[in-house]
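Subject: Structure handover and notes

Hello,

Please find the structure below.

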Amino acid sequence: MFDFNLFLTDTYSIALAAAMAAALVWLALYYGLYHLRVGRYKGSAPIATESDLPPVSVVLTAHNDHAWLRENLVYLLEQDYPNFEVVVVDYLSTDETEYVLKFLKDYYPHLKIVPFKADVNLFQGKKYPLSIGIKSASNDILLLADPDCTPKNLQWLRGMVKGYTQGTQIVLGYCGLKRTKTLLGALQQYDALAYGAHYLGSALLGHPYTGSGRNLSYRRSFFFDRGAFISHYDVADGSDDLFVYQNADRRNTAVCIDADAVLIAEPRKSFLEWHRQRRHRVGTRGRHSLGSRMLEEMTPLANVVFYAAAVLLILIGSLPWPVTAAAVALKLAWQIVCFSQLARRFEGGLVYLLAPLMEIYFMIANTILILLPLSNNRRFKK
């Protein structure tokens, strides 16, 4: 039997144990409500008949993306859907983008090209060219993606449109990454899964606060009724994040993460390129409410408290170490179980086995990411 006499007379040890227990409860709830909930989400019911499928416009912005367009655009143009168009905004490209688009236009009349030959964008980022693409769209339901994103199959439009029930104005989707056998690929895979679980889980809990412009849908009429990007044109980032943050609520927002609704993108080739992409993702945090920012920081903070308390309790020795070790093992096991469901849903491979180590890495990396300055040279952001 364990001897708890020393522990029960040490106020400091009791406080540490209470902090560790509170952090463990928070983390267990978070993993269950976000990772496990998203991983086991049942999805939306299919639309009954072909005649019920509304017309759709897919909108992309491209800048020197001829390689991606040549490889991926045909998968969008060949979608199994009765009435849709693909709008590509060619923004100041100096490579072969123009010729790739003109070649595809000869074979796909439902491709609409919006060329920009002069830089008339008075703002940073891609909000202006994207808004022009949205304005050029013919249909009310918009699906947004990037040139480097590929549908898993030809049912993507059908998969995303399933989210549009009565009153729905915004549909949040997920864009995963192709699996690679490198450390950088594993880190990106974990990051995509964890970030997706957070914003999708928040929406499923009734508090949508952001989305990914790599797989996002909303109504064109809703976009202009809510003022488009006008209120945050001064911020280079946030064409997806800030619009969803300002306009989404539990009544008008749906989640579509069935297998057919998922897009896949290529992972970044270098740490620097990936770092820049992640910096853009956190570039709008200052526009979020204090409550939203605190909620984002609660889980990393709980991890710090949990591990710090566990280490101190073992060093002090007042609480029998097997008790502390059992708490750590319980936390790690539950985390891996929940993350495995998330990884299985989005085909993330065996990255879930490294979830505890990845989590510790991102606790440090995300802190550095927020503290480092972001360059203002962002006339067009991918």
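A salt bridge here is a side-chain nitrogen of Lys or Arg within 4 Å of a carboxyl oxygen of Asp or Glu. This is a predicted model, in which local features need pLDDT of at least 70 and side-chain atom pairs count only at pLDDT 80 or more, while totals for chains, interfaces and linings use all residues. Residues are numbered from 1 along each chain as its sequence is written, and side-chain values use heavy atoms, with hydrogens and water left out.

Salt bridges

The salt-bridge rule gives a count of 17. One of them joins R158 to D80, with N and O 3.5 Å apart. R158 belongs to helix α6 (residues 156-161) and D80 to the loop between α3 (66-77) and β2 (84-91), so this pair links distant parts of the chain, 78 residues apart (helices, H or I of at least four residues, and strands, E of at least two, are DSSP runs numbered from the N terminus). R158 counts as buried, because its relative accessibility is 19%, and D80 as partly exposed, because its value is 38%. The cut-offs are under 20% relative accessible area for buried, over 50% for exposed and in between for partly exposed, with a 1.4 Å probe and protein chains only.

K126 and D146 form another salt bridge, their closest N and O atoms lying 3.2 Å apart. K126 sits in the loop between β3 (111-116) and α5 (127-136), and D146 in the loop between β4 (141-144) and β5 (149-151), 20 residues apart. Both K126 and D146 are buried. K126 and D146 are also linked with D148 and R214 in a network of salt bridges.

D191 and R278 meet in a salt bridge at 3.4 Å, N to O. D191 is in helix α7 (residues 183-204) and R278 in helix α10 (residues 271-281), so the pair ties together parts 87 residues apart in sequence. D191 and R278 are both buried.

Largest pocket

The largest pocket has a volume of about 800 Å³. A pocket is an open set of points on a 1 Å grid over the protein atoms alone, where a 1.4 Å probe fits, with protein on both sides within 12 Å along at least five of seven lines; lining residues have an atom within 4 Å of a point. The volume is the space filled by probe spheres set on the points, which are joined across faces, edges and corners.

Of its 32 lining residues, R281, E296, E297, P300 and N366 are the closest to the centre. Helix α13 gives the most to the lining, with 8 residues.

Backbone angles

A228, in the loop between α8 (220-225) and α9 (241-247), has a positive phi near 50 degrees and is not a glycine. A228 is buried, at 10% relative accessible area. E347 also has a positive phi without being a glycine, about 55 degrees. E347 is partly exposed, at 46%.

Cysteines

How many disulfides does a search of the whole structure find? The search finds 0, a disulfide being a pair of cysteine sulfur atoms within 2.5 Å. C149 is in no disulfide, and the nearest cysteine sulfur, that of C175, is 3.7 Å away. C149 is buried, at 2% relative accessible area. The closest cysteine sulfur to that of C256 is in C175, 15 Å away, too far for a bond.

Regards
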